[in-house]
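Good morning, and thank you for the time.

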Amino acid sequence: MSIAAVDIAPLAEVGDPAPVLLTVEEAARCLRVGRTTCFALIRTGELESLTIGGLRRVPADAPAAYLARRRAEQRAA
């Protein structure tokens, strides 16, 4: 799996289109971190999210963008 495409396929039901927005729990599963860690990344602005009504959602491409930034930071260090 490439960094540009975090695997969100298991999150969709068979035959459903790929999700555009993920729940925080789904984003955490994509990143292989816990829910609390994912909320911490959102709170610090490291992981993009938006609020729709009272629900927090993460754009499906945000986990891959976060990983790409982290890898670039580590290479630069």
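One term is needed at the outset: a residue counts as buried under 20% relative accessible area, as exposed over 50%, and as partly exposed in between. Please also bear in mind that this is a predicted model.

Let me apply that term to glutamate 48. Its relative accessibility is 46%, so glutamate 48 counts as partly exposed. The residue sits in the loop between α2 and β2. Which residues does glutamate 48 contact, once neighbours within four places in sequence are left aside? They are Val58, Pro59 and Ala62. As for aspartate 61, it is 13 residues from glutamate 48 in sequence, and the C-alpha atoms of the two are 9.2 Å apart in space.

I turn now to helix α2, which spans residues 35-44. Its buried residues are Cys38, Leu41 and Ile42. These three cover an arc of only 100° around the axis, which puts them on the same side of α2. The general principle is that an α-helix has 3.6 residues a turn, so residues three or four places apart point the same way. What covers the buried residues of α2? The cover includes α1 (24-31), β3 (55-59) and α3 (62-76). On the face turned away from the buried side, α2 carries the exposed residues Thr36, Arg43 and Thr44. After the helix comes glycine 45, with a positive phi near 85°.

In general, most residues other than glycine have a negative phi. Arginine 32 is not a glycine, yet its phi is positive, at about 60°. This arginine belongs to the loop between α1 and α2, and with a relative accessible area of 70% it is exposed.

Next, the charged pairs. How many salt bridges does the structure hold? There is one, formed by the side chains of glutamate 25 and arginine 35, at 2.7 Å from N to O. Glutamate 25 lies in helix α1 and arginine 35 in helix α2, so the pair ties together parts that are 10 residues apart in sequence. Both partners are partly exposed: glutamate 25 has a relative accessible area of 34%, and arginine 35 has one of 46%.

The structure holds zero disulfides. Cysteine 30 counts as buried at 10% relative accessibility, and cysteine 38 counts as buried at 0%.

Finally, the surface. Val20, Leu21, Leu50 and Ile52 make a nonpolar surface patch of about 330 Å². Of these, isoleucine 52 lies in strand β2, residues 50-52. Its relative accessible area is 42%, so isoleucine 52 is partly exposed.

To close, I would ask the group to keep two points in view. Helix α2 has Cys38, Leu41 and Ile42 buried, and arginine 35 of this helix is paired with glutamate 25 of α1.

Technical notes. Residues are numbered from 1 along each chain as its sequence is written. This is a predicted model: local features need pLDDT of at least 70, side-chain atom pairs count only at pLDDT 80 or more; totals for chains, interfaces and linings use all residues. Side-chain values use heavy atoms; hydrogens and water are left out. Buried means under 20% relative accessible area, exposed over 50%, partly exposed in between (1.4 Å probe, protein chains only). Helices (H or I, at least four residues) and strands (E, at least two) are DSSP runs, numbered from the N terminus. The arc is that of the directions from the helix axis to the C-beta atoms. Contact means heavy atoms within 4.5 Å. Patches are made of residues with over 30% relative accessible area and no salt bridge: like charges are joined within 9 Å, nonpolar side chains (Val, Leu, Ile, Met, Phe, Trp, Tyr) within 5 Å. Accessible areas come from the Shrake-Rupley method with a 1.4 Å probe; for residues, only the protein chains shown count as cover. A salt bridge is a side-chain nitrogen of Lys or Arg within 4 Å of a carboxyl oxygen of Asp or Glu. A disulfide is a pair of cysteine sulfur atoms within 2.5 Å.
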